[in-house]
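Dear colleague,

Please find below the structure that I am handing over to you. My notes on it follow.

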Amino acid sequence: MQSIYYTDVFSAPLRGGMVRVICQKKDWEPQVAHPDELIFAQSLVPRRAREWLAGRFVAHLVLEDAGLAQPHLPMMAHTSGAPVAPYGYGVSISHKGHVIAACAARMEAHQGIGVDIELVRHSRVPIERRILTPNELARLPEDPDARMRAIVTAFSLKEAAYKALNPLVHRYIGFQEVEVVLKWLLSDQHVIFEPKAKDLEPLKLYGRYDTVVADGVTYVVSVVHAEPFNSGRMGQGWMLDEQGQA
Ligand SMILES: CC(C)(COP(=O)(O)OP(=O)(O)OC[C@H]1O[C@@H](n2cnc3c(N)ncnc32)[C@H](O)[C@@H]1OP(=O)(O)O)[C@@H](O)C(=O)NCCC(=O)NCCS
């Protein structure tokens with residue numbers, strides 16, 4: 001059923017869960033999943049309160065997709081800024097103006113999960129030397145448009161990786177500490193990450209990125225999941241196809 005408040009822009013099944021992107025309509029009213037979230041939001045400046053509540057709204061939707069029965073507990077913020085997921089689930093949120101992405105999955109399927117959404121556009125200041133490793137820089141295409149897309153995608157994937165990893169390792173992770181390796185054999189939208197720091201080595205990190213268009217504007221949305229290196233699972237099964245098959 002279509003909502004009068006938002007448009008569904010994108011959704012894809014994950015192993016044990018779902019990722020969704022929605023676009024708020026002009027007369028979006030904060031839709032509150034839990035009164036405690038509203039109480040917290042009232043301590044924020046209005047613009048941030050709207051954003052925070054909208055993120056929670058989509059996060060509760062994907063938690064339901066992932067199988068969490070209603071009523072849900074409030075999803076408050078950890079001191080790190082990460083949303084505190086209900087027991088047994090992982091959840092992640094990202095916003096760019098009135099476009100909001102969230103993903104959730106049962107934790108038997110993942111150890112950590114992260115989502116990020118970025119505008120596909122040329123950056124005012126060059127960011128590639130800060131966010132890309134030497135290997136990633138060397139792989140950048142020549143064509144200016146393809147190059148910009150590759151930089152934005154790598155940035156988005158790394159921000160999603162940060163959200164999956166930070167709650168596991170409890171420290172800041174720099175852009176040079178993970179490297180995106182394209183996994184062409186599976187699909188050109190799936191990547192694996194190579195950890196460049198010792199404490200990240202016990203984790204396998206997989207990512208997926210998609211281009212989405214909302215209100216005529218193009219975004220890239222990335223989802224990253226982390227699982228223990230010895231999980232015995234092949235990472236490619238973590239994203240499901242339209243029929244829900246791994
Ligand atoms: C934390 C960070 C990833 C947020 O990304 P952003 O593009 O600024 O903002 P987004 O809208 O995409 O994401 C914001 C959401 O991230 C989530 N978040 C914030 N801190 C988080 C953390 N430590 N762990 C997991 N999720 C976090 C929150 O849900 C937040 O939204 P909310 O406050 O409304 O709930 C980013 O600001 C940052 O610090 N990046 C530097 C580190 C990095 O990316 N390293 C890459 C190599 S791994």
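Val180 has Phe193 of strand S7 as its bridge partner. Strands (E, at least two residues) and helices (H or I, at least four) are DSSP runs, numbered from the N terminus. Strand S6 (178–182) and S7 (residues 190–195) pair in the antiparallel sense over 5 bridges; strands count as paired if DSSP finds at least two bridges between them.

This is a predicted model, in which local features need pLDDT of at least 70 and side-chain atom pairs count only at pLDDT 80 or more, while totals for chains, interfaces and linings use all residues. Residues are numbered from 1 along each chain as its sequence is written.

S6 and S7 belong to an open, antiparallel sheet of 5 strands in the order S5-S9-S8-S7-S6. Strand S5 (112–119) and S6 stand at the edges with a single partner strand each, so one side of each is left without a neighbour in the sheet.

Helix H5 (144–169) packs on the sheet, touching S5, S6, S7, strand S8 (203–214) and strand S9 (217–228). Contact here requires C-beta atoms, placed from the backbone, to lie within 7 Å.

The ligand is surrounded by 25 residues, and the closest are Gly81, Ala82, Ile93, Ser94 and Tyr162; a residue is near the ligand if its C-beta atom, placed from the backbone, lies within 6 Å of it. Helix H2 (46–65), strand S3 (89–96) and H5 each give two or more residues to this shell, and H5 gives the most, with 8 residues.

Yours sincerely

Technical notes: Contact = placed C-beta atoms within 7 Å. Axes fitted to C-alpha atoms, helices over the stretch in contact; angles between N-to-C directions.
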